[in-house]
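Student: I would like to go through the terms used for this model and see what each one rests on.

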Amino acid sequence: MSNGFEDKNTGKIPENHFSELLAGYDTEQKTLDGEIERLQAEIDRYNTDSVKADKFIELVKRHTEFNEFSASLLNEFVEKIIVHEATKVNGVREQEVEIHLNFIGRFDLPEQEGEPEEMPVRKSQKKRRHEMTEEQRAILRERDRVRYARKVAAKKAAEEAQRAAILKGTAYEIRPQESGAAHVTI
C-alpha cells in the first residue's frame, strides 16, 4: 500500500488533487484538535464537579443528624446568599433570594409537578378561633384570663409604686409594717 506522498512523487496523483487531500487532512486535524481540547475541558470540569460533589456529600454525611441549627452549621453549608430588590406584581410583594451552597453553587428548589396550588395569603399561620374545637377555645380563654389578671396586677403594682414614690419623704409616706401591710404615717 502506498501513501499520498509516494503517489504524488511518482505522478499517480496530480498536484492539485494532492493539495486538496492535504488541505482536507489539515482541516480534519484542526477539527480533531479542537474536539480534543473541548473534550479535555469537559473532562476537567467533570472531575472538578465530581470532587466538589464528593466534598459536599462528605459535609452532609457529617451533619445528617443534628439537634440544633447553629451559625457554624449554616456557615459550613452556605457560601453566600444574594437578596434581590423587592418588586410588586399584581399587588403582591415578591423578592428573589439566591442561595449558593459550598461546593455545589446556586441551589434552586426543585419545581413541583403539576400546577402549584394557590395558598391563601394570611398574615398569621395560627388557627383562628372559629376553626378550633370547643376544648381548644376554652384553653385559650383561660390563657387570656390569666394574662389579663397579670396585666391588671402589674398595673396596680406600678400605680402603688408611683404613689409611694410621690409620697416618699412627706408626712404621708407609706411605710410597710412588719406584718406586710402598708401603714400611712400622719
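This is a predicted model: local features need pLDDT of at least 70, side-chain atom pairs count only at pLDDT 80 or more; totals for chains, interfaces and linings use all residues.

Student: What share of the residues is buried?

Tutor: Of the 186 residues in the chain, 8% are buried. Among contacts with a separation of 6 or more, 13% join residues 24 or more positions apart.

Student: How does α4 compare with its expected span?

Tutor: α4 covers residues 134-167, 34 residues in all. Its first and last C-alpha atoms are 49 Å apart, close to the expected 50 Å. Just after α4, G169 has a positive phi of about 85°.

Student: What makes up the largest nonpolar core?

Tutor: It consists of 6 residues: F56, L59, L73, F77, V78 and L101. To be counted in such a core, a residue must be buried and of a nonpolar type, and joined to the set through side-chain atoms within 4.5 Å. The elements giving two or more residues to this core are α2 (15-62) and α3 (71-77). In α2, the buried residues include F56 and L59, and F18 is buried as well.

Student: Why is H100 called buried?

Tutor: The cut-off for buried is under 20% relative accessible area. H100 has 12% relative accessibility, so H100 counts as buried. Its place is in strand β4, residues 97-101.

Student: Which residues are in contact with H100, leaving aside neighbours within four places in sequence?

Tutor: They are V78, E79, K80, I82, G105 and R106.

Student: What makes the pairing of H100 with E98 a polar contact?

Tutor: The limit for such a pair of N or O atoms is within 3.5 Å. The side chains of H100 and E98 meet at 3.0 Å, so the pair falls inside that limit. A polar atom of the H100 side chain also lies 3.5 Å from the backbone nitrogen of R106.

How values were computed. Residues are numbered from 1 along each chain as its sequence is written. Side-chain values use heavy atoms; hydrogens and water are left out. Helices (H or I, at least four residues) and strands (E, at least two) are DSSP runs, numbered from the N terminus. The expected span of a helix is 1.5 Å times one less than its number of residues. Buried means under 20% relative accessible area, exposed over 50%, partly exposed in between (1.4 Å probe, protein chains only). Contact means heavy atoms within 4.5 Å. A polar contact is a pair of N or O atoms within 3.5 Å; within protein, one must be able to donate a hydrogen and the other to accept it, and residues adjacent in sequence count only if both atoms are side-chain atoms.
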